[in-house]
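Colleague: I am new to this structure and would like to go through it in short questions. Please keep the answers brief.

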Amino acid sequence: MLVPLTYVGRQASRSDGQSRRIEILEATLRLIVAEGVRGVRHRAVAAEAGVPLASTTYYFKDIKDLISDALTFFAEKTLWMNKALEEQCYELLNNMAQVSQSLSKEALQALIVEGLAEFVCGHIREQLTHPDDRILENAFHEEALRNPQLATSITLLDETLLQSIKTFFSALGSKTAYEDAHQILAIIRLLEYQFLLRKRVDEVVLKSVVETTVSHIISAIKPPL
């Protein structure tokens, strides 16, 4: 999965400069978690990073560039999780292919629903073990409504995720794979947000909502599996 984002702030030419730039970006992410995007100011970031104010303004003259690069930095740090998700999807498809010939269509459909629902539930549980990352995702999405530069990056990131999920449903024969991907991503985002607010995972709600959604999607695939 490729994340089509690039850094817009000044790049460092030496290793010590690169280290300082990373310190600034990490401090920016911590500030966003603690105070939201509106808490990101040059002085606040410099204080959080423990660097001179001149360092933040040298690499990021515009605060919007700093916020944009913080998103890119965050996306790079979490890319391995998205890559792992993609690999698990392919593994699930391979497992289904191995048993498909020995099962009736009804049994195969039930197996796919069960496997995919377990996969999505497991992904949500894993995501919620990193609450700061979920706070960052929500903060960046909210700020993108006000910041056109950030909106472009967020749109590209979301589209990358949707295309990965679409590939899975296309492999199952869905004619509405892109729409299916939207449903799955929407359910994941909403449940993560709800459980983050409650500070706990409601297993009954999680399994019920995910299984019902997945069942509706799989049963609608024509011709039947």
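Colleague: Which residue meets aspartate 69 in a salt bridge?

Modeller: This is a predicted model. A salt bridge needs a side-chain nitrogen of Lys or Arg within 4 Å of a carboxyl oxygen of Asp or Glu. Here the N to O distance is 2.6 Å, and the partner of aspartate 69 is arginine 21.

Colleague: How many salt bridges does the rule find across the interface of domain 1 and domain 2?

Modeller: Domain 1 covers 15-60 and domain 2 covers 65-220. Across their interface the rule also finds one residue pair in polar contact. The number of salt bridges there is two.

Colleague: What area is buried between domain 1 and domain 2?

Modeller: The centres of the two domains, taken over C-alpha atoms, are 31 Å apart. The contact takes 14 residues from domain 1 and 14 residues from domain 2. Carbon and sulfur atoms give 82% of the buried area, which is about 1,400 Å².

Colleague: Is serine 55 buried or exposed?

Modeller: Serine 55 lies in helix 3, residues 53-59. Leaving aside neighbours within four places in sequence, serine 55 is in contact with Arg20 and Ile24. Its relative accessible area is 10%, and the cut-off for buried is under 20%. Serine 55 is therefore buried.

Key
Residues are numbered from 1 along each chain as its sequence is written. This is a predicted model: local features need pLDDT of at least 70, side-chain atom pairs count only at pLDDT 80 or more; totals for chains, interfaces and linings use all residues. Side-chain values use heavy atoms; hydrogens and water are left out. Helices (H or I, at least four residues) and strands (E, at least two) are DSSP runs, numbered from the N terminus. Buried means under 20% relative accessible area, exposed over 50%, partly exposed in between (1.4 Å probe, protein chains only). Contact means heavy atoms within 4.5 Å. Domain bounds come from an automatic or database domain assignment. Buried area is the accessible area (1.4 Å probe) that two parts lose on being put together, summed over both. A polar contact is a pair of N or O atoms within 3.5 Å; within protein, one must be able to donate a hydrogen and the other to accept it, and residues adjacent in sequence count only if both atoms are side-chain atoms.
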